[in-house]
Amino acid sequence: MDQEMTAFRGWIARDTTGATLDRLDPAMLDDLDTAVRVRYSSINYKDALALHGRPGVIRRHPLIAGIDLTGEVLASRHPRWRPGDLVTLNGAGLGEDLHGGLAGLAAVNGDDLVRVPSELGSLRAAAVGTAGFTAALSLLALERHGLAPETGPILVTGAGGGVGSIAVALLAAARYEVIAATGRPSELSGQLTALGAAQVVDRAELTSSGKPLGKQRWAGVVDAVGGPVLAGALAGLQHSGVATTCGLAGGAEYPGNVLPFILRGVSLLGIDSVRTPRLRRVAAWQRLAPLLDPALLDSVTRVVPLAAAKDAAASLLAGAGTGRIVVDVASA
Ligand SMILES: NC(=O)c1ccc[n+]([C@@H]2O[C@H](COP(=O)([O-])OP(=O)(O)OC[C@H]3O[C@@H](n4cnc5c(N)ncnc54)[C@H](OP(=O)(O)O)[C@@H]3O)[C@@H](O)[C@H]2O)c1
């Protein structure tokens, strides 16, 4: 075994109590077609759950955590990849039933990899990560359903978080009028406006009436929160409006009813970034890479060393994360 290979470390969940930072024995990796030297990973809500031993993400033990990775191909039996290629991978079982990206070395399925867009480079591709990829999938879903900037404003919920902040930036760059809903309007108004939000609203506004139909305020919704916030967002959709749902930071229940669907003809589209087919993965990255302003992305990105990943993740569990956290896997 290469001496250097023994020096890799990673966040490994050996049981249900959470992950610890350990030396990585490359022999524990699966026999998959592509070896990647991981440069960066990121902290998504799911990573926070996995690192802290919350249920629902890690499906086998021991498992390296991390649903994202960005790095360099070391060796590949896959026809698309050569040593030295810069690649990124979001979901596809990583950090859930396949060893993940919070370690210096990964073995992955080459079919799931996407080339790092030249506009972004590796660190910014990691800053996009699953959160930004999901925001792009949401934008593509709304557009496939007929939404365009002239259709009307788009509400983004959980706007201060990872999916939310990148969704605000992407939609605004694509010339949509964005209404950002957050639980922290006084703290985050400036940041959300800088990302491109035309208006920032308190999420309490969405849940206060509890009624299934309200004033018709937006043509589309990108929801990362679920629960009463999703019900409130649907209540404010215009006739024939479209919402995407990807998250449950505010609850897995849908405490609404069928009235928005049958009286206003609204649609609710589900987003699953994990099992997104390859061509759609590539399409999402191609859509987001030229749209995202690198300086804006940097302004909502914090880079932490590998050893600080678990501590950094705690803020997401407290509902207090902002923007994106990149993990510098190569750092001490
Ligand atoms: N389906 C998919 O493929 C997919 C992909 C990525 C993420 N997700 C899911 O999407 C959600 C967001 O992920 P993320 O990585 O963006 O997480 P995040 O960075 O922690 O952002 C979540 C945001 O939701 C809001 N929030 C938190 N707790 C809340 C509560 N109790 N009630 C209402 N709002 C609350 C907060 O925003 P404000 O303070 O601004 O309101 C928070 O910043 C998670 O549930 C995640 O699992 C799903």
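**Sheet S2-S1-S4.** I began with an open sheet of three strands in this predicted model. Its order is S2-S1-S4, and the pairing is antiparallel. I noted strand S2 (18-23) and strand S4 (63-64) as the edge strands, each of which pairs on one side only. Between strand S1 (residues 9-15) and S2 I found six bridges. Within this pair, Ala 13 stands opposite Ala 19 of S2.

**Helix H4.** I next asked which residues of helix H4 (residues 185-195) are buried. They are Pro 185, Leu 188, Leu 192 and Leu 195. Viewed down the axis of H4, these buried residues fall within an arc of 85°, so they line one face of the helix. An α-helix has 3.6 residues a turn, so residues three or four places apart point the same way. On the face of H4 turned away from the buried side I recorded the exposed residues Ser 186, Gly 190 and Ala 194. The packing partners of the buried residues are helix H3 (162-173), strand S10 (178-182), strand S11 (199-202) and helix H9 (294-299). After H4 comes Gly 196, with a positive phi near 125°.

**Helix H6.** I then examined helix H6 (residues 227-235), in which eight of nine residues are buried. Among them are Val 229, Leu 230 and Leu 234. The buried residues of H6 pack against several elements, including strand S12 (218-223), strand S13 (237-245) and H7.

**Surface patch.** I looked up a nonpolar surface patch of about 310 Å², made by Val 258, Ile 262 and Leu 263. Leu 263 belongs to helix H7 (residues 259-264) and counts as exposed at 52% relative accessibility.

**Salt bridges.** My search of the whole structure returned 14 salt bridges. I inspected the one between Arg 59 and Asp 97, at 3.6 Å, N to O. Arg 59 lies in the loop between helix H1 (45-51) and S4, and Asp 97 in the loop between strand S6 (86-90) and strand S7 (105-108), so the pair ties together parts that are 38 residues apart in sequence. Arg 59 is exposed, with a relative accessible area of 53%, and Asp 97 is partly exposed at 28%.

I also checked Glu 143 and Arg 287, whose side chains meet in a salt bridge at 2.8 Å, N to O. Glu 143 is in helix H2 (residues 121-144) and Arg 287 in helix H8 (residues 278-291), 144 residues apart. Glu 143 is partly exposed at 24%, and Arg 287 is partly exposed at 26%. Lastly, I recorded one network, in which salt bridges that share partners join Lys 46, Arg 59, Glu 96, Asp 97 and Arg 275.

Methods
Residues are numbered from 1 along each chain as its sequence is written. This is a predicted model: local features need pLDDT of at least 70, side-chain atom pairs count only at pLDDT 80 or more; totals for chains, interfaces and linings use all residues. Side-chain values use heavy atoms; hydrogens and water are left out. Buried means under 20% relative accessible area, exposed over 50%, partly exposed in between (1.4 Å probe, protein chains only). Helices (H or I, at least four residues) and strands (E, at least two) are DSSP runs, numbered from the N terminus. The arc is that of the directions from the helix axis to the C-beta atoms. Contact means heavy atoms within 4.5 Å. Two strands pair if DSSP finds at least two bridges between them. Patches are made of residues with over 30% relative accessible area and no salt bridge: like charges are joined within 9 Å, nonpolar side chains (Val, Leu, Ile, Met, Phe, Trp, Tyr) within 5 Å. Accessible areas come from the Shrake-Rupley method with a 1.4 Å probe; for residues, only the protein chains shown count as cover. A salt bridge is a side-chain nitrogen of Lys or Arg within 4 Å of a carboxyl oxygen of Asp or Glu.
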